[in-house]
Amino acid sequence: MTLLVILACVFFAVFLMVIFGEKYAKPISVEQQSKYSKLIWVLVFILIIAAIIKNLVA
């Protein structure tokens, strides 16, 4: 039952993000999009390395 409550909360939060994102979000420029895309690759790489280190230590 707890899992269903958690899933309902997650779906409700995503629903709110979609509604407010469509209503208030501004489109980003190509320069901002390329900057964010480079940053995301770095963050993903760091998270993968951190997960590998965590699994090796544990």
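K23 lies in helix α1, which covers residues 2–24. The helix is a DSSP run (H or I, at least four residues; strands are E, at least two), numbered from the N terminus. K23 is exposed, because its relative accessible area is 60% and exposed means over 50%, with buried under 20% and partly exposed in between (1.4 Å probe, protein chains only). From K23 to T2 there are 21 residues along the chain, and their C-alpha atoms are 32 Å apart.

This is a predicted model: local features need pLDDT of at least 70, side-chain atom pairs count only at pLDDT 80 or more, and totals for chains, interfaces and linings use all residues. Residues are numbered from 1 along each chain as its sequence is written, and side-chain values use heavy atoms, with hydrogens and water left out.

I19 also sits in helix α1. I19 has a relative accessible area of 36%, so it is partly exposed. The C-alpha atom of I19 is 21 Å from that of V5, and the two residues are 14 apart along the chain.

Now the aromatic rings. A pair of aromatic rings is described by the distance of the centres and the angle of the planes. Rings of Phe, Tyr and Trp (its six-membered ring) pair if their centres lie within 6.5 Å; planes under 30 degrees apart count as stacked, over 60 as edge-to-face and the rest as tilted. The count by this rule is one aromatic pair. F20 and Y24 form a stacked pair, because their ring centres are 6.1 Å apart and their planes meet at 20°. Why are F20 and Y24 separated by about one helical turn? They are four residues apart in helix α1. F20 is partly exposed, because its relative accessibility is 47%. Y24 reaches 56%, so it counts as exposed.

Step back to the whole chain. The protein has two helices and zero strands. Its radius of gyration is 17 Å, whereas a compact globule of 58 residues would have one near 10 Å. That radius is taken over C-alpha atoms, and the globule rule is 2.2 Å times the number of residues to the power 0.38. The C-alpha trace spans about 45 × 45 × 5 Å along its principal axes.

What share of the 58 residues is buried? Buried residues make up 0%. The protein exposes about 5,800 Å², and carbon and sulfur atoms supply 78% of that area. Accessible areas come from the Shrake-Rupley method with a 1.4 Å probe; for residues, only the protein chains shown count as cover.
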